[in-house]
Amino acid sequence: MSETETEQRLDIWPWRARFFKTRSEAAKLVTTKGVRVDRSGLVRKVIKPGATVTPDDILSFRKAKEIVTVRVLGLPHRRGPAPEAQENYELVVD
């Protein structure tokens with residue numbers, strides 16, 4: 001299954017953005033807790049790691065004991081250093 005430049009798997013994006021140490025941790029979060037995806041005002045809870053993320057999506061997920069909400073700015077091509085990863089999202093403050 002190939003990825004396009006306009007979308008990325010939901011289990012890959014938070015791993016490459018350095019929210020989780022391993023891809024399997026990210027996939028486990030998606031399948032057990034779910035991730036809320038807000039795309040163009042349509043909010044849905046996703047529990048499938050193969051779901052896609054696109055730029056401008058807003059993701060809400062549990063990390064440790066807090067809920068993290070971020071706007072996707074880009075789709076990282078690799079799991080690089082933290083400053084590079086941080087260019088792909090912005091924190092959303094409620």
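Reader: What makes Asp11 and Arg9 a salt bridge?

Author: The closest N and O atoms of Asp11 and Arg9 are 3.0 Å apart. A salt bridge is a side-chain nitrogen of Lys or Arg within 4 Å of a carboxyl oxygen of Asp or Glu. The pair therefore qualifies. This is a predicted model: local features need pLDDT of at least 70, side-chain atom pairs count only at pLDDT 80 or more, and totals for chains, interfaces and linings use all residues. Residues are numbered from 1 along each chain as its sequence is written, and side-chain values use heavy atoms, with hydrogens and water left out.

Reader: Why is Asp11 called buried?

Author: Its relative accessible area is 4%. Buried means under 20%, exposed over 50%, and partly exposed in between (1.4 Å probe, protein chains only). So Asp11 is buried. Arg9, at 23%, counts as partly exposed.

Reader: How do you know that Asp11 and Arg23 form a salt bridge?

Author: Their side chains meet at 3.1 Å, N to O. Asp11 lies in the loop between strand E1 (8-9) and helix H1 (13-16), and Arg23 in helix H2 (residues 23-32), so the pair ties together parts that are 12 residues apart in sequence. Helices (H or I, at least four residues) and strands (E, at least two) are DSSP runs, numbered from the N terminus. Arg9, Asp11 and Arg23 are linked in a network of salt bridges.

Reader: Why are E3 and E7 called edge strands?

Author: The open sheet has 5 strands in the order E3-E2-E5-E6-E7, with antiparallel pairing. Strand E3 (42-46) and E7 each pair on one side only. Two strands pair if DSSP finds at least two bridges between them.

Reader: How do you know that E5 and E6 pair?

Author: 6 bridges join strand E5 (residues 58-63) to strand E6 (residues 66-72), which run antiparallel. The definition asks for at least two, so they pair. Ser60 stands opposite Thr69 in E6.

Reader: What makes Asn88 buried?

Author: Asn88 has a relative accessible area of 12%, so it is buried. Asn88 sits in the loop between helix H3 (82-86) and strand E7 (89-91). Leaving aside neighbours within four places in sequence, its contacts (heavy atoms within 4.5 Å) include Trp13, Arg71 and Pro76.
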